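The structure is shown below.

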Amino acid sequence: MPPSRVFPRYLLPFAMAAAAAARAQEPGETIEVRGERREGSPRAPATAGTVIDLEQFGGEIRSVADVLLTSPGVSIHALGGPGQTATVSLRGATADESLVLLDGIPLQGPGGGAIDLATLPVTFLDRLVVNRGVLGAQFGAGALGGALELLPRRVRETATGGLLVSTGSFGTFRAALDGAAPLGSGSAVVGIQVDRTAGDFDYARQVTPGLPDSPYFGYTRQNADSTRGSVLARVAQSVSASTELDFLTQASIGDRGLPGPSSAITLHSRELDQSVLAGLRLRTASDASAWSVRAWGRFDRVELRGVQAFDDCVDGTSDCPRIDQRASAVRAEAESKVAVGGAQWLSGTVSAGQERVHGTSIRPYHRNLLSLAARDDWTLPGGFALHPALRIDKAGSETGASPALTASWRIVELLEVRAGWGLSFRPPTLNELHLESGGIVSNPDLRPERAWSLDAGATVRFGDAAISGGLFWSTYRDLIVYELFPPAKVKPFNVGSARIAGAELQALVKLPFDVFTQAAYSWLDAVNLRPGDQQNQRLPYRPPHRLFVRVARRDDRFDTWAESSFTSAMPRDSYGSAYIGAQLLFNAGAGIRAVGPLWIQLEARNLLDDQTLEDLFHYPLPGRSIALIARAGL
């Protein structure tokens, strides 16, 4: 199991992913979770994608990780209960190979690793766009499994706002306040969210799982509390009739216990983190051209207390130093689009910047970043659309090209097919190259990971229903994996190669009486191609099958929903000798508008109260939980 670069036992380096069904819209086609035809990602036309409109969840208590579970092609690894670290993986790629962007700005953890979704407030967002495939040409180096776009809430024609307060099992509490309104010649959006949980849920585990019929024993999770505050603000002002200047900032501060896996409990380890992001953009558009210039900066800090390589310790003692990791990045970007005739748009992008990182007892490191990109969006006769793209990225001394070609064909109004091919790379993070943390040794000789993929799919629409299906095939080489480095540490090496293929299917149907249903099925075949005794074995932590079903009904008085997710058994090691059992979850909720704009909602998760559930790395998951929610539109 590859350890994290932030600390060796608490952040996962690999996460599973299931392949999924859906596609990108105009000029590609996106299956949007409310069954409507809405714009997908303009950066990745005709690629496999899913748009998640957050309005469908009303006042449900969801994190970004919870929302993403409704999309096919997504795998979430949450290290325990609410408030704990969660990362996203797409199409069987690792979390480091799946980009996350907020309003187009890439997010990363300290040192360039995977972003912790628990630090992102969902109440500030309008929708999420899940793009799947090797998309380096569209989103930049690192998008080997795909890219997740987080789009902040936009201002409507009049002022709007909302207040939400909830309380529930395990001492969980949330308060969120947001508002959006016209301001001067533009608009403003502001949101504040506070989350708190004690995390003291009961769970059951086998002390001797290798023995037949080994009994389960009950425990209570300790040191799993979490407190977090988040804020987001976006202000936009019109400079002229076609030009807009906007400012975006998002910040988060958190304090949480690190309880460790059930097999190695840590009662003294804690993490404190802070992050802040700010960006300024000027853009203009006309019928024949569009351009934008943007600059942004990001700072992240993580401080670990009571953390050691193989055990915890008491903070403040002489043999228990604090581990401090800090990362920052600044970048500027310019993009231009121009119409060629009436059926073609050419676009080009140039960006440059620098990222820095330093940690406890090591000197700072930095590297310069530069990228050039070009794309052609070409509408052809007969319903065809073609989208060639090329991007060149330079990160420090590493340079790589990412070509791609996607195409779509709307045969008739109700049927469209698409196909795509892409090749890209991921340079090692500054953590992997230079930082040493706990029991992890860096490796400055690492080479970039590389991947290519080919996929095809189709969407059929009839009435209030839409069905999308697709197939994909990806290969990876020079994978960065972590191996034992004697006497008692681990080190990253370029030794891996793999083939990941899959099938994706999604159905969205609106039934009578305003009942909306959605179902997503994913089949994933992930095989290790590394020569040796692991060759042709299935890659661990990637479920062959995943099924999600949701039924919901909402009107101006009542709100009800129920959902179920099934994840098949999967290998836990690289030899197929240990497996994680299949998991089945049921969640449900109901709400009523009590008076005026005030809604009262009750929801329950893990209705079967299965207390034996664990994530991929033996972190216990909560049993049945109940939440009471009060929300009101302002």
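## Setting of Ser226

In which strand is the place of Ser226? Ser226 lies in strand β14, residues 226-238, where strands are DSSP runs (E, at least two residues) numbered from the N terminus. The model is predicted: local features need pLDDT of at least 70, side-chain atom pairs count only at pLDDT 80 or more, and totals for chains, interfaces and linings use all residues. Residues are numbered from 1 along each chain as its sequence is written, and side-chain values use heavy atoms, without hydrogens and water.

Ser226 counts as buried because its relative accessibility is 4% (buried means under 20% relative accessible area, 1.4 Å probe, protein chains only). Beyond neighbours within four places in sequence, Ser226 has contacts (heavy atoms within 4.5 Å) that include Pro82, Asp195 and Arg256. Its side chain reaches the backbone oxygen of Gly83 at 3.4 Å.

## Largest pocket

The largest pocket has a volume of about 1,200 Å³. It is lined by 45 residues, and Pro42, Arg43, Arg281, Arg283 and Glu335 are the closest to its centre.

A pocket is an open set of points on a 1 Å grid over the protein atoms alone, with protein on both sides within 12 Å along at least five of seven lines; a cavity is a set where a 1.4 Å probe fits but cannot get out, and lining residues have an atom within 4 Å of a point. A volume is the space filled by probe spheres set on the points.

## Cavities

The structure holds 10 cavities of 30 Å³ or more. The second largest cavity has a volume of about 590 Å³. Among its 37 lining residues, Leu99, Pro106, Gln108, Ala141 and Arg331 are the closest to the centre.

Note on methods
Helix = DSSP H or I, 4+ residues; strand = E, 2+ residues; numbered from the N terminus. Buried < 20%, exposed > 50% of the residue type's maximum accessible area, 1.4 Å probe, protein only. Polar contact = N/O pair within 3.5 Å; in protein donor to acceptor, adjacent residues only side chain to side chain.
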